Amino acid sequence: MTAPDSVPDSGVSATFPGVAAVIPAINEAGSIGRVVRELRERGVARVVVADNGSSDGTPRVAAEAGAEIATELRMGYGRACLAGIALLEASRDPPLVVVFVDGDGADALEELPRLLEPALRDEADLVIGRRTDAGEVGNVRAHARVGSRWVLRAARLLHGMKAGDMGPFRAVRWETFQAMRMDDPTWGWTLQMQLRAHHLGARIVEVEVPRRARTAGRSKVSGSLGISLRAGARMGWTLIRERVLALREKGLHDRE
Ligand SMILES: Nc1nc2c(ncn2[C@@H]2O[C@H](COP(=O)(O)OP(=O)(O)OP(=O)(O)O)[C@@H](O)[C@H]2O)c(=O)[nH]1
Ligand SMILES: [Mg+2]
């Protein structure tokens, strides 16, 4: 990991001084520079790219664009996100709000202010970018969408959680993030965050964002049916594990 206080000076004055972005990325050299620059230009104070051992120069491109780099050599989306968070935790001045953004350029960053505002105004603890098909471009895979619909249906049945999407583009207040004690190492990450927020009684808001395809490079998940099935299995495990943990928590609470 780089020194926590080595924030690169991009010469941009921050419009969102209390906001930090965390971008999990592996081999996204074709898109990461633009994603980082756009976040910096839109006024995000700190941009952390959590690199999972890219071999294509992703961390170098990201650092040149103004990102701080967190390195996590064990593979996994959740592990990378946690490495990015650890870098923020190590600094003297943690952010008020963290926004998670994918490194492939698929997230609609023009919607960033709408995503951040409810959290910054303290009207929401977790703001999820719910992807709508209105803005769909390119090859967003049907199996990924069908799979996520099933997972959301199961989340409603098992947890009573109503959610329209599990999109990666989301903003969370720092104190809520800390209370969630996130630990999913891989693809259960986004679902775990929503379930934990739900069970904590956090204020969850959804904001519509256009669904887009990646702008460069190769898909790491939904482009492969095999990996998508593994991601789906991980989400199934997350649904069950979080149910058990929530029941255990309730049992402890009731005994007090
Ligand atoms: N750090 C880390 N990042 C990952 C890993 N797998 C994927 N990513 C990143 O997570 C984000 C989402 O992966 P994508 O390949 O875009 O997955 P997807 O959105 O389902 O698939 P696309 O249709 O290609 O967009 C990207 O920024 C990837 O670089 C991983 O194991 N570790
Ligand atoms: Mg993607």
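Begin by selecting the strands, which form an open sheet of seven in the order β3-β2-β1-β4-β6-β5-β7 with mixed pairing; strands (E, at least two residues) and helices (H or I, at least four) are DSSP runs numbered from the N terminus, and two strands pair if DSSP finds at least two bridges between them. At the edges stand β3 (68-71) and β7 (204-210), each with a single partner strand, so one side of each is left without a neighbour in the sheet. From one strand to the next the twist averages 25°, where axes are lines fitted to C-alpha atoms, for helices over the stretch in contact, and angles run from 0 to 180 degrees between N-to-C directions.

This is a predicted model, in which local features need pLDDT of at least 70 and side-chain atom pairs count only at pLDDT 80 or more, while totals for chains, interfaces and linings use all residues. Residues are numbered from 1 along each chain as its sequence is written, and chains are lettered from A and ligands numbered from 1 in the order in which they are written.

Next, select β5 (residues 126-132), which pairs with β6 (residues 170-173) in the antiparallel sense over three bridges and with β7 in the parallel sense over seven bridges. Leu-126 has Val-172 as its bridge partner in β6 and Ile-204 as its bridge partner in β7. Five of the seven residues of β5 are buried, so this strand is largely enclosed by the rest of the structure; buried stands for 20 or more other C-beta atoms within 10 Å of a residue's own, with C-beta atoms placed from the backbone.

Then move to helix α8 (residues 225-255), whose 31 residues should span 45 Å at 1.5 Å a residue, in agreement with the 45 Å between its end C-alpha atoms; the expected span is 1.5 Å times one less than the number of residues. Its buried residues are Ala-231, Arg-234, Met-235, Thr-238, Leu-239 and Glu-242, and what covers them includes α5 (142-159) and α7 (189-200).

Finally, select ligand 1 and the 21 residues around it, of which Asn-52, Ala-80, Gly-103, Ser-219 and Lys-220 come nearest; a residue is near if its C-beta atom, placed from the backbone, lies within 6 Å. The elements that give two or more residues to this shell are β1 (16-25) and α3 (77-89). Within helix α3, select Leu-82, which is buried, with 22 other C-beta atoms within 10 Å.

Conventions
A residue is buried if 20 or more other C-beta atoms lie within 10 Å of its own, exposed if 12 or fewer, and partly exposed in between; C-beta atoms are placed from the backbone. Two residues are in contact if their C-beta atoms, placed from the backbone, lie within 7 Å.
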